[in-house]
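Student: I would like to learn how to read packing features from a set of coordinates, taking one feature at a time. Could we begin with the general idea and then turn to the case at hand?

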Amino acid sequence: MDVTKYTIKQISVFSENKPGRLAAIAGALEDEGINILAFSIAEANGFGVVRALVDRPDAAYKKLNAMGFMVSFTDVIAVKMRDVPGGLFEMARILSEAEINIEYSYAYSGREAAVLILRVDRVDAAVEKILARGGTLLSADEFS
Amino acid sequence: MEVLKGDALHSLQAKRLRWTVEQAGKVPFYRKMLQEAGVRPEDIRTVDDVQKLPFTRKTDLQGGYPFGFFAVPMKEVVRIHTTSGTTGKPTVVGYTRQDLDNWSELIARNLTMIGLTDEDVFQNAVNYGLFTGGLGFHYGAEKVGMTVIPSATGNTRRQIEMIDDFGVTAIHCTPSYAMHIAEVAEKEGTTLPTLATGIFGAEPWSDNMRRVLEGKLGVTAYDSYGMSEMYGPGAAFECPERNGLHIWHDMYLSEIIDPKTGEVLEPGERGELVVTPLVKEAMPLLRYRTGDITMFLEEECPCGRGMKIARLHGRSDDMLVIRGINVFPSQIEHVLRSVPEVGDEFLVYVDRVNHLDEMTIEVEMNRSAFRGELEDLTRTQNRVVAALKEALNLRTRVQLVEPESLPRYEGKAKRVIDRRGDDI
């Protein structure tokens with residue numbers, strides 16, 4: 001099975017925890033006409049990582065890098081959840097039973113469904129298990 | 001000794017200076033230096049002949065790490081202390097039994113000068129160990145016959161309990177720790193009624209701070225000065241006049257120089273203190289540049305003792321004193337270079353939070369080390385904190401900042417922003 005189809009390039013941007021950093025990142029993406037589909041901020045002691053799924057990750061990487069930001073690609077997967085009670089539990093159980101660890105996740109509720117973005121320790125295994133159990137994964141194409 | 005003047009003083013100093021030059025000649029570094037300068041011990045006839053000698057710098061001492069500056073065989077060295085160096089290695093100081101006696105004698109002289117006796121109970125609330133303030137004061141106070149409590153630092157509530165329960169009359173600590181003790185005591189609801197004398201040193205403190213400490217602790221506060229290279233604390237001390245510190249002329253020959261030109265300055269002119277210890281056996285030093293900025297006071301002290309220096313506030317180099325510990329920005333640079341995840345650029349902020357010094361280091365991340373994971377960054381941050389703790393013996397805050405975000409300098413980089421000010 002071609003798991004790379006379901007491997008989505010998230011951009012991860014190092015940011016100091018101070019006013020204006022997110023605005024600088026978001027503004028730069030707007031300048032380039034890049035659309036942000038989902039995003040989250042993880043923060044630690046004095047700094048954070050801005051994580052975003054965008055429609056053109058390569059362009060976003062280039063732009064932010066040129067501006068001096070530290071940017072990196074991270075492989076994540078996007079799972080369509082049933083937007084009903086128990087939707088998250090279903091997904092979490094599949095991964096738990098396969099002993100796949102979720103390093104972090106964030107979600108957005110789109111027009112058609114709720115989407116869970118997952119960063120897991122074993123991407124290939126996660127893709128296989130989720131598909132085998134009848135789950136729906138969004139492919140990278142669907143984000144561009 | 002304390003009140004020796006004129007010819008009697010000068011001839012004692014000249015004799016001891018000649019002996020010191022002879023002693024220094026046993027150290028290869030000095031043998032070479034004296035040869036190059038063309039100075040032999042017998043050329044030293046008067047105290048002014050000290051000016052024939054070249055200066056010794058802290059970096060010279062580091063070049064001799066660990067025992068290169070010892071003038072006696074190791075079996076005669078009975079103790080070692082170290083002090084922070086400008087780079088990774090500390091400066092090592094050795095003491096013979098006679099050195100330790102001399103040092104205790106100095107401390108005892110200071111304590112006696114401010115009226116302390118064997119009736120006093122003395123709490124020594126400074127770091128014991130390699131830092132000279134602990135053992136130095138400890139043995140000096142014992143020599144006076146005081147009841148000595150080696151309380152060291154930390155556990156402030158216990159310190160306060162001891163002051164009250166043991167009837168402590170005199171305390172020695174850093175001024176910032178004294179401030180902390182005062183605040184905790186206030187919260188605990190005690191006025192520390194037995195405490196009458198405070199000896200504060202190892203870091204600069206203002207007259208304003210003196211007033212506050214005296215008010216809060218109910219003590220008369222005295223300033224103490226010294227450095228490991230001069231045995232430790234006790235080299236200069238305030239007498240009851242508390243207007244400048246007597247720098248002990250029988251044990252140290254001091255000069256004030258222009259730090260840029262090396263020119264010897266007159267009393268009343270501010271410059272760098274240069275010291276030639278006159279009785280140090282294990283580790284003699286010639287014209288050691290302390291880096292401390294002060295001046296000789298022109299007026300004689302009404303107490304009749306010898307030359308005084310002004311209280312010390314500045315440095316001729318970039319050394320910082322953080323919670324009584326000396327820190328050179330070059331040491332921080334050295335540590336950061338050992339952590340590949342961060343770059344070379346850094347900025348040090350020094351603040352005073354609740355009367356205690358706080359050092360925050362902003363360091364740029366190394367672009368290639370970023371893989372997008374928060375936990376990698378946290379690990380890097382902790383690694384830098386641990387490496388700094390190990391090298392400086394200080395807890396610091398570390399902020400990771402974006403690459404190329406710190407200011408760049410064409411000339412000498414400005415690495416330190418000291419926001420402590422002169423107030424308290």
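Tutor: Let us start with contact, which means heavy atoms within 4.5 Å. Please keep in mind throughout that this is a predicted model. With that cut-off, what covers the buried residues of α4(A) includes β4 (71-81), α3 (87-97), β6 (114-120) and β7 (136-138) of chain A.

Student: Which are the buried residues of helix α4 of chain A?

Tutor: In that helix, which spans residues 123-132, the buried residues are A:V123, A:A125, A:A126, A:V127 and A:I130. As a general idea, an α-helix has 3.6 residues a turn, so residues three or four places apart point the same way. Just after α4(A), the residue A:G134 takes a positive phi of about 85°.

Student: Where is B:N110, and is B:N110 buried or exposed?

Tutor: B:N110 belongs to helix α4 (residues 97-113) of chain B, and this residue is buried, with a relative accessible area of 0%. Beyond residues up to four places away in sequence, B:N110 touches B:G234, B:F237 and B:W248.

Student: How many aromatic pairs does the structure hold over all chains?

Tutor: There are twelve aromatic pairs over all chains. For the pair A:F14 and A:F47, the ring centres are 5.7 Å apart and the planes stand at 35°, so the pair is tilted. This pair links distant parts of the chain, with A:F14 in strand β1 (residues 8-16) of chain A and A:F47 in strand β3 (residues 47-54) of chain A, 33 residues apart. A:F14 is buried, with a relative accessible area of 0%, and A:F47 is buried, also with 0%. For B:F200 and B:W205, the centres are 5.5 Å apart and the planes stand at 85°, so the pair is edge-to-face; both B:F200 and B:W205 are buried. Ring pairs also link A:F14, A:F47 and B:F370 into a cluster.

Student: Finally, at what angle do helix α7 and helix α8 of chain B pack?

Tutor: Helix α7 (residues 175-188) and helix α8 (residues 207-217) of chain B pack at an angle of about 35°, and their axes are 10 Å apart. The crossing in which α7(B) passes α8(B) is left-handed. On the α7(B) side the residues in contact are B:P175, B:S176, B:A178, B:M179, B:I181, B:A182, B:E183 and B:E186, and they meet B:M209, B:V212, B:L213, B:K216 and B:L217 in α8(B). By class, this contact has nine nonpolar, one polar and three charged residues.

Notes. Residues numbered from 1 in each chain as written. Chains lettered and ligands numbered in written order. Predicted model: local features only at pLDDT ≥ 70, side-chain atom pairs only at ≥ 80, totals over all residues. Heavy atoms only, no water. Axes fitted to C-alpha atoms, helices over the stretch in contact; angles between N-to-C directions. Helix = DSSP H or I, 4+ residues; strand = E, 2+ residues; numbered from the N terminus. Left-handed = near helix turned anticlockwise from the far one by under 90°. Nonpolar A, V, L, I, M, F, W, Y, C, P; charged D, E, K, R; others polar. Phe/Tyr/Trp six-rings, centres within 6.5 Å; stacked < 30°, edge-to-face > 60°. Buried < 20%, exposed > 50% of the residue type's maximum accessible area, 1.4 Å probe, protein only.
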